Amino acid sequence: MTNLPIEPAIAVTGLRRWYGRHVVLDGIDLHVPEGTIFSLLGPNGAGKTTVVQILSTLIRADAGQVRVCGHDVARAPDRVRAAIGVTGQFSAVDDYLTGEENLLLMADLNHLGKAEGRRRTAELVERLGLGDAAKKPGALYSGGTRRRLDLAMGLMGDPRVIFLDEPTTGLDPRSRRDLWRIVRDLAAGGVTIFLTTQYLEEADQLADRIALLDRGRLVAEGTPAELKRLVPGGHVELRFADDRALTAAAAALDVVPDRAELVLRVPGDGGVRSLKALLDRLDAASVEVDGLALRTPDLDDVFFAVTGQASDQTSGEVTAR
Amino acid sequence: MTAITLAVRDSTTMLRRQLRHMSRAWSVTLMLLAVPIVLLLLFVYVLGGTLGDGLGGSGGRGAYVDYVTPGILLVTITGTVQGTAISVALDMTQGIIARFRTMAIARVSVLTGHVLGSVLHTLLSLAAVLGVAVLVGFRPDATAVEWLAAAGVLTATTFALVWLAVAMGLVTTNVAAASNLSMPLTLLPLFGSGFVPTDSMPTVLRWFAEHQPVTPIMETLRGLLLGTPIGDSAVIALAWCAVIALAGYAWAKRLYNRDRTR
Ligand SMILES: Nc1ncnc2c1ncn2[C@@H]1O[C@H](COP(=O)(O)OP(=O)(O)O)[C@@H](O)[C@H]1O
Ligand SMILES: [Mg+2]
């Protein structure tokens, strides 16, 4: 990726940042081609926010080169600022202004004319489904609405690169899906998107390429398919009431039981067909199943596969749908 | 766009934001106005009869209204400016400040918005307080030019103290600390010639009262509005304003530009 004919939207080499003696980013290299969705995936404390803060000119790098849209963030921060839109991990709306006033404020700061500002505001309210919020002050919003307003404010300047720092953390599944749709629409319009997340599923759903960040270092990079190939597949977890049922089921399915927890882990994708076949076999052996959960690979599995150890945080597993 | 037009344009935008905030928090605005008016009424009606006689003539309450009004005007400024320090500290806790820092705007405009908003706010409050003062018997004998000069002195004082207050709001990280830090400003008119002449004070206090910045400002206002001798008060007053404004501006700018994560 070193000899690209056109400069990538984001080019980072040897990025380092430390707080006191704590090295938070330890030599990051990133290249994000224009018009793609790039996801920085990592657990809490990995350094995702710090990367976004440096790329969006909020804080300085201690070492390394960072170029966004062809401009050096240290030497031409205003050039970079003119080309980007940022939705940080923590909401950046003015709580005392209504949704509409927040957007008009952004229009003014982007130096759009009065009429153009009103037009863009109406368009963004429509596009991001902010109709209800437009007349309410920011302090009264729900999490999902806040995120969308936040994003809309970042879009006012028609940015070529958008930074989204954990845009769906803390959102309910519906708001999360709404946001995903919006992100896809933006990417379809040719905007480059740099997104951080703790959810493998989110990166998988949205990103063209994913980089795995672990304690300030990139430990893997590739397409979602490439990364998932590294990870053992999902499995079905069967729970039993007692040891007798567990033993019978283990014999019927030919897998090694987990006697301590009274569960069996059967490799499989959790599709309806294979699930039914599985339960049929247990039925035939007259084994009673106490509970069942589908386990899809999550961030922990990826980290385990890549680094050989679990990430610092224990993320929750995806249970029965 | 040149740097100057950009700064003017963005500052105007930020001023509009500030005015919106003030109109949302109108109860605070009213409170800031009520304090000097209550003080004025207290000093005129409760203490004014006695204090007025102590001024040297036997002018009583009427003489005291004239004497105390410039002091009350300064109380109006320092009180409103304390509100500025608090509102800046509060604003800096808002996430939108980080957004401003990632936008291609004149960086100082966040601060100039606060400054312009507070100056306007203070000038309006000053007009209201002056109105009440006239109602309770304030009788200035100023000519139009003297009124203009007095307005200039008040504006310069406000401008200077607002910049200082903005810096105080930035140096603290919470509202309570901003309030405490700017508190001494509100006491300056009291420990000066605001309510009683300095020559009635004990030596140490008197020295402080005569050399602190607010006293020459009040003496200049008295001279312009009431015809008392000004002497070198005007020059000293304006020099203080210039020093405080420049120091406040430089301090505020430095605080705003520092890396707040370090
Ligand atoms: N202002 C700061 N001062 C000291 N340490 C910090 C500061 N900001 C972040 N860190 C540290 O840097 C590391 C990475 O933080 P961050 O970038 O917020 O991670 P993430 O966004 O992936 O959760 C963490 O260990 C955090 O404690
Ligand atoms: Mg973070």
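**Chain contacts and ligand surroundings in a predicted model**

A search of the whole structure finds 27 salt bridges over all chains, a salt bridge being a side-chain nitrogen of Lys or Arg within 4 Å of a carboxyl oxygen of Asp or Glu. The structure is a predicted model, in which local features need pLDDT of at least 70 and side-chain atom pairs count only at pLDDT 80 or more, while totals for chains, interfaces and linings use all residues. Residues are numbered from 1 along each chain as its sequence is written, chains are lettered from A and ligands numbered from 1 in the order in which they are written, and side-chain values use heavy atoms, with hydrogens and water left out.

Side chains of opposite charge can pair when their charged atoms come close. One such salt bridge joins B:Arg16 and A:Asp108, with N and O 2.9 Å apart. This pair crosses between chains, running from helix α1 of chain B, which holds B:Arg16, to helix α3 (residues 99-109) of chain A, which holds A:Asp108. Helices here are DSSP runs of H or I with at least four residues, strands are runs of E with at least two, and both are numbered from the N terminus.

The wider meeting of the two chains can be described next. In total, 34 residues of chain A are in contact with 27 residues of chain B, where contact means heavy atoms within 4.5 Å. The size of an interface is often given as the accessible area lost when the parts come together. Chains A and B bury about 2,500 Å² between them, and 54% of this lies on carbon and sulfur atoms; buried area is the accessible area (1.4 Å probe) that two parts lose on being put together, summed over both.

Between chain B and chain A there are 5 salt bridges. In the one formed by A:Asp150 with B:Arg99, the closest N and O atoms are 2.3 Å apart. On the side of chain B that touches chain A, at least two residues each come from α1 (3-24) and α4 (96-101) of chain B. The most is given by α1(B), with 10 residues. By class, that side of chain B has 11 charged, 10 nonpolar and 6 polar residues; Ala, Val, Leu, Ile, Met, Phe, Trp, Tyr, Cys and Pro count as nonpolar, Asp, Glu, Lys and Arg as charged, and the others, Gly among them, as polar.

Ligand 1 also brings the two chains into the picture, as it lies between chains A and B. The residues around ligand 1 include A:Tyr19, A:His22, A:Lys48, A:Thr49 and B:Thr261, each with a heavy atom within 4 Å of the ligand. Oxygen atoms of the ligand lie 2.8 Å from a backbone N or O atom of A:Lys48 and 2.5 Å from an N or O atom in the side chain of A:Thr50. Taken alone, ligand 1 exposes 570 Å², of which the protein buries 66%; accessible areas come from the Shrake-Rupley method with a 1.4 Å probe. Two or more residues of the shell come from each of β2 (22-32) and α1 (48-55) of chain A, and α1(A) gives the most, with 3 residues. The shell has 7 polar, 4 nonpolar and 1 charged residues.

Finally, two backbone details of chain A deserve a look. Most residues other than glycine have a negative phi. A:Leu262 has a positive phi near 60 degrees and sits in the loop between α9 (243-253) and β12 (263-267) of chain A. A:Ser286 has a positive phi near 55 degrees, in the loop between α10 (272-284) and β13 (291-295) of chain A.

Note on methods: Polar contact = N/O pair within 3.5 Å; in protein donor to acceptor, adjacent residues only side chain to side chain.
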